Amino acid sequence: MRERLRPPLRRLVERAQEQGALRADFTAEDLPLVLWTGGRVIEKTEAVATEHWRRYLGLMLDGLRASAATPLPAPPLTEAQLAQAAERQ
């Protein structure tokens, strides 16, 4: 399934960057990590604040906007590194 999703997700990232909506240094390999992070927020807050994920999603989306971009301190994971990380979940 990951192999099938990778090309359309890559195109989605590229289109958002072409339109100037998504920061230029975001990669398709960053996307699963963003989703994993959001999922963890949902897991940890659902019992105490069921809608808190909405706040976190807003913060994440603001940080991904091209207009908010600042240089990142590390490069994105490679596809191989991402696959290794996914296995550890």
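Reader: Which residues is leucine 22 in contact with, once its neighbours within four places in sequence are left aside?

Author: In this predicted model, leucine 22 is in contact with Val13, Ala16, Gln17, Leu64 and Ala66, when neighbours within four places in sequence are left aside. Two of these names, Val13 and Leu64, return in the next feature to read, the nonpolar core.

Reader: Which residues make up the largest nonpolar core?

Author: The general idea is that in soluble globular proteins nonpolar side chains tend to be buried together. In this structure the largest nonpolar core has five residues in all, namely Val13, Leu22, Phe26, Leu31 and Leu64. For the chain as a whole, buried residues make up 18% of the 89 residues.

Reader: How many helices and strands are there in the chain, and in what order do the elements run?

Author: The chain has four helices and zero strands, and from the N terminus on its elements run α-α-α-α. Along the principal axes, the C-alpha atoms fill a box of roughly 40 × 35 × 25 Å. Of the contacts with a separation of 6 or more, 61% are accounted for by residues 24 or more positions apart.

Reader: Where is arginine 23 found, and is arginine 23 buried or exposed?

Author: Arginine 23 is found in the loop between helix 1 and helix 2, and because its relative accessibility is 7%, arginine 23 counts as buried; the cut-off that this step needs is that buried means under 20% relative accessible area. Its side chain is joined to that of aspartate 25 by a polar contact of 2.6 Å, while a polar atom of the arginine 23 side chain lies 3.4 Å from the backbone oxygen of glycine 63. Not counting residues up to four places away in sequence, arginine 23 touches a list of residues including Gln17, Gly63, Leu64, Arg65 and Leu72.

Reader: What does the side chain of glutamate 29 make a polar contact with?

Author: The side chain of glutamate 29 makes a polar contact of 2.6 Å with the side chain of arginine 10. Glutamate 29 lies in the loop between helix 1 and helix 2, the latter spanning 30–45, and glutamate 29 is buried, with a relative accessible area of 8%. With neighbours within four places in sequence left aside, glutamate 29 is in contact with Arg10, Leu77, Thr78, Glu79 and Leu82.

Reader: How many salt bridges does the count come to, and which residues does glutamate 79 form salt bridges with?

Author: The count comes to eight salt bridges. Among them, glutamate 79 forms one with arginine 6, where the closest N and O atoms are 3.6 Å apart. Glutamate 79 lies in helix 4 (residues 79–87) and arginine 6 in helix 1, so this pair ties together parts that are 73 residues apart in sequence. Glutamate 79 also forms a salt bridge with arginine 10, with the closest N and O atoms 3.3 Å apart. Here again glutamate 79 lies in helix 4 and its partner arginine 10 in helix 1, so the pair ties together parts that are 69 residues apart in sequence. As for accessibility, glutamate 79 is partly exposed at 39% relative accessible area, and arginine 10 is partly exposed at 27%.

Reader: Which residues form a nonpolar patch on the surface?

Author: Met1, Leu5, Leu9 and Leu12 form a nonpolar patch on the surface, and together they have about 390 Å² of accessible area. Leucine 9 lies in helix 1, residues 2–18, and at 31% relative accessibility leucine 9 counts as partly exposed. Leucine 12 also has its place in helix 1 and is partly exposed, with a relative accessible area of 45%. From C-alpha to C-alpha, leucine 12 and alanine 28 are 8.6 Å apart in space, and they are 16 residues apart in sequence. The accessible surface of the chain comes to about 6,900 Å², of which 58% belongs to carbon and sulfur atoms.

Key. Residues are numbered from 1 along each chain as its sequence is written. This is a predicted model: local features need pLDDT of at least 70, side-chain atom pairs count only at pLDDT 80 or more; totals for chains, interfaces and linings use all residues. Side-chain values use heavy atoms; hydrogens and water are left out. Patches are made of residues with over 30% relative accessible area and no salt bridge: like charges are joined within 9 Å, nonpolar side chains (Val, Leu, Ile, Met, Phe, Trp, Tyr) within 5 Å. Accessible areas come from the Shrake-Rupley method with a 1.4 Å probe; for residues, only the protein chains shown count as cover. A salt bridge is a side-chain nitrogen of Lys or Arg within 4 Å of a carboxyl oxygen of Asp or Glu. Helices (H or I, at least four residues) and strands (E, at least two) are DSSP runs, numbered from the N terminus. Buried means under 20% relative accessible area, exposed over 50%, partly exposed in between (1.4 Å probe, protein chains only). A nonpolar core is a set of buried Ala, Val, Leu, Ile, Met, Phe, Trp, Tyr and Cys residues joined through side-chain atoms within 4.5 Å. Contact means heavy atoms within 4.5 Å. A polar contact is a pair of N or O atoms within 3.5 Å; within protein, one must be able to donate a hydrogen and the other to accept it, and residues adjacent in sequence count only if both atoms are side-chain atoms.
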